[in-house]
Amino acid sequence: MSAPTAPVRVFIPVDAAALSVGAEAVAQAVSREAAARGITIDLVRNGSRGMLWLEPLVEVETPQGRIAYGPVAARDVAGLVDAGLVQGGEHPLRLGLVDDLDWMKRQQRLTFARTGVIDPLSLSDYRAHDGLAGLKAALALTGAEIVEIVRASGLRGRGGAGFPTGIKWKTVHDARADQKYIVCNADEGDSGTFADRMLFEGDPFLTIEGMVIAAIAVGATRGYIYLRSEYPHAYRTMQRAILKAEQAGILGDSVLGSAHAFHLEVRLGAGAYICGEETSLLESLEGKRGVVRAKPPIPALKGLFGQPTIVNNVLSFAAVPWILQHGAQVYADFGVGRSRGTLPVQLGGNVRRGGLIELAFGISLREIIEDLGGGTLSGRPIRAVQVGGPLGAYLTAAQLNVAMDYEALAAIKGMLGHGGIVVFDDSVDMAQQARFAFAFCAKESCGKCTPCRIGATRGVETMDKIIAGTERPKNLAILRDLSKLMTDASLCAMGGLTPNPVLSALDHFPEDFDRPAGPAKNWPLAAE
Amino acid sequence: MAGYRMWDDDGARQIVGGLAHLEGATLPILHALQGEFGYVDAKAVPLIADALNLSRAEVHGTISFYHDFKTAPPVGRVVKLCRAEACQALGCETLVAQLERDHGIRVDGQSATDAVAVETVYCLGNCALGPSALVDGALIGRVDAQRLAELCGLVSAAQ
């Protein structure tokens with residue numbers, strides 16, 4: 001039956017989002033149905049392309065390129081195989097060449113160039129797609145030269161604060177200590193963000209490579225990845241990737257045969273949002289309660305175990321290999337103003353086509369949500385959009401022309417954060433969202449500073465009174481006063497930024513704070 | 001939940017001893033104990049304190065700070081339901097209300113049954129395919145009332 005040619009490569013994601021909608025059953029069905037017809041295939045479990053509404057997305061390698069089918073359910077598979085899946089045959093689920101799809105064509109994928117393309121745990125795939133080129137370039141440079149390239153690229157911390165990465169690295173480089181550390185913040189707790197997870201599951205070696213480059217740049221020999229426990233799939237993949245990198249000599253006593261040593265471990269968080277704050281994360285890595293430290297001293301000088309430490313977000317480390325390979329200026333040529341390079345945007349919530357989009361800074365929110373995202377999933381009008389996670393402001397549908405860059409969003413009291421966008425339709429009750437912002441802060445506050453610890457609880461109580469219609473003018477005044485206090489006096493961004501969602505909800509959607517109080521003014525039970 | 005060993009001090013001591021050499025070993029030890037026994041027994045506190053040269057207060061403080069660590073064995077199935085903003089935008093709070101109304105199960109609270117505990121989690125990183133839940137390490141997307149009841153073992157899977 002089958003000719004003795006190389007088996008056709010079929011790609012089905014092992015990404016957790018794809019698995020969450022049935023990718024495992026699809027993979028089993030494809031193996032089974034192909035075998036039943038005597039067709040030999042090479043089934044590759046890749047990461048996700050980021051077109052999450054099309055998951056499970058099945059791709060087939062053909063002479064013309066990779067042809068995609070999706071979203072595929074296990075019950076579709078027999079028909080798909082009969083329709084000539086392995087030749088890229090016609091079928092109602094056939095989407096065409098992946099690279100020709102509008103979603104993919106409009107992106108500039110630097111960090112996510114390999115995610116969804118390669119076998120995540122294959123180092124030969126990684127090398128064949130430019131992997132380790134950045135590290136090899138770095139090994140030919142001095143630490144100071146690497147730091148200067150990162151500075152010149154304009155890369156800013158992708159975790160949310162946007163601090164220039166090169167300056168942080170220079171501080172650690174210039175510090176003198178027997179032991180320095182590289183710490184990767186993979187505690188991706190913001191709702192609406194999943195880029196770190198996708199990258200770990202789809203291209204884990206990239207973050208490892210970025211961390212090794214950082215280690216060489218500043219003279220660090222140990223590193224930790226602090227990964228949230230809500231990501232069990234990413235944890236497994238990263239553990240296996242680290243093992244493979246050790247076996248291949250990328251990690252260990254001699255990085256790629258050089259005089260540099262770098263040992264890396266992945267550590268699990270334990271369900272505390274605050275541990276995404278860098279000093280709290282360091283406390284947690286040291287085995288303590290995740291209580292925020294006062295700064296100064298900054299972690300670059302006194303970080304993990306009191307030693308000079310680079311703490312960067314996953315996406316910051318992951319941008320570095322590309323910069324080293326292609327040069328600082330090429331990276332800086334992407335983007336606008338003081339936001340250089342590309343930003344992996346994550347689109348979620350009530351949106352028809354959600355997923356990951358990597359683009360140069362400067363695209364408008366409207367293009368992302370309406371053109372790429374296709375509006376709301378429910379089909380109802382967009383009412384509010386939260387950008388930058390639970391501490392980011394709620395924007396109105398009229399504000400969507402704002403550009404996705406640090407300064408443009410700040411100018412309208414918004415926040416880019418980690419690049420997450422959550423869309424809400426017109427069924428949202430913004431007074432409830434404001435209440436939730438306080439409730440979340442109350443639950444997740446580390447408890448060290450009073451404005452956050454007490455303020456969040458007072459905020460919930462005040463919102464309850466406003467919602468219940470009790471002395472509204474007086475309680476709204478208290479709400480603003482409390483928000484100002486939390487903004488000005490909290491120790492870290494958790495308490496300091498919680499008023500963002502609260503005040504933006506109040507300022508942009510005042511009608512929701514002025515509704516007649518009714519019985520069961522909770523969430524609607526109707527809808528479906 | 002099936003699959004966990006009954007707590008035993010020697011087993012716990014072995015786990016603690018095997019990881020005590022790590023820098024900042026407390027969290028790895030707590031995760032390992034919970035992975036083995038399903039929770040962290042109070043008897044672990046002096047064990048860890050001794051092995052790591054910490055005070056018992058420090059160890060207790062760490063255990064009590066993190067939402068993940070349980071101090072009593074789990075009795076039934078655990079369903080972690082995401083209730084962060086992206087899942088709120090797709091009606092996760094409606095699911096929470098329906099679960100209580102139709103099945104008497106209160107998220108994070110006392111329920112009519114011990115067979116399942118539904119816990120709040122804030123973000124599972126599946127924000128484009130919510131509402132989401134995590135059950136036995138498996139991520140589930142596009143959860144509706146029917147699917148949630150299935151995940152809780154309240155009704156058998158339709159198909």
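1. The model under review is predicted. Counted in this way, chain B holds seven helices and four strands. Along the sequence their order is α-α-α-α-β-α-α-β-β-β-α. The C-alpha trace of chain B spans about 50 × 30 × 25 Å along its principal axes.

2. Next, the contact between the chains. Chain A contributes 64 residues to the contact and chain B contributes 44 residues. The area buried between chain A and chain B is about 4,100 Å², and carbon and sulfur atoms give 58% of that area.

3. How many salt bridges are counted between chain A and chain B? The count is one salt bridge. In this bridge the side chain of A:Arg222 meets that of B:Glu23, at 3.5 Å from N to O. Polar contacts between chain A and chain B come to 26 residue pairs, with both residues at pLDDT 80 or more.

4. On the side of chain A that touches chain B, several elements give two or more residues, among them helix 1 (16-20), strand 7 (222-227), helix 11 (232-247) and helix 17 (430-444) of chain A. Helix 17 of chain A supplies the largest share, five residues. Sorted by class, this side of chain A has 33 nonpolar, 19 polar and 12 charged residues.

5. Over all chains, a search of the whole structure finds 45 salt bridges. In one of them A:Arg114 pairs with A:Asp203, and the closest N and O atoms are 2.9 Å apart. A:Arg114 lies in the loop between helix 4 (102-105) and helix 5 (123-128) of chain A, and A:Asp203 lies in the loop between helix 9 (195-202) and helix 10 (204-218) of chain A, so the pair ties together parts that are 89 residues apart in sequence. As background, side chains of opposite charge can pair when their charged atoms come close.

6. The second largest pocket has a volume of about 1,200 Å³. Its lining is made of 42 residues, and the closest to the pocket centre are A:Gly159, A:Gly160, A:Ala161, A:Gly276 and A:Ala493. Helix 8 (165-174), strand 9 (309-313), helix 16 (406-411) and helix 20 (493-497) of chain A each give two or more residues to this lining. Strand 9 of chain A gives the most, with four residues. The lining of this pocket has 18 nonpolar, 16 polar and eight charged residues.

7. Four cavities of 30 Å³ or more are found in the whole structure. The largest cavity holds about 70 Å³ of space. Residues lining the largest cavity include A:Cys446, A:Cys449, A:Cys452 and A:Cys492. By class, the lining of the largest cavity has eight nonpolar, three polar and one charged residues.

8. Some backbone angles deserve a check. Most residues other than glycine have a negative phi, and most peptide bonds are trans. The bond joining A:Pro296 and A:Pro297 is cis, with omega about 5°, and A:Pro297 is in the loop between helix 12 and strand 9 of chain A. The peptide bond from B:Gly130 to B:Pro131 is also cis, with omega near -10°. B:Pro131 lies in the loop between strand 2 (116-121) and strand 3 (133-135) of chain B.

9. Is the phi of A:Lys413 positive or negative? The phi of A:Lys413 is positive, near 60°, and the residue is not glycine. A:Lys413 sits in the loop between helix 16 and strand 16 of chain A.

Notes:
Residues are numbered from 1 along each chain as its sequence is written. Chains are lettered from A and ligands numbered from 1 in the order in which they are written. Side-chain values use heavy atoms; hydrogens and water are left out. On a 1 Å grid over the protein atoms alone, a cavity is a set of points where a 1.4 Å probe fits but cannot get out, and a pocket is an open set with protein on both sides within 12 Å along at least five of seven lines; lining residues have an atom within 4 Å of a point. Grid points are joined across faces, edges and corners, and a volume is the space filled by probe spheres set on the points. Ala, Val, Leu, Ile, Met, Phe, Trp, Tyr, Cys and Pro count as nonpolar, Asp, Glu, Lys and Arg as charged, and the others, Gly among them, as polar. Contact means heavy atoms within 4.5 Å. Buried area is the accessible area (1.4 Å probe) that two parts lose on being put together, summed over both. A salt bridge is a side-chain nitrogen of Lys or Arg within 4 Å of a carboxyl oxygen of Asp or Glu. A polar contact is a pair of N or O atoms within 3.5 Å; within protein, one must be able to donate a hydrogen and the other to accept it, and residues adjacent in sequence count only if both atoms are side-chain atoms.
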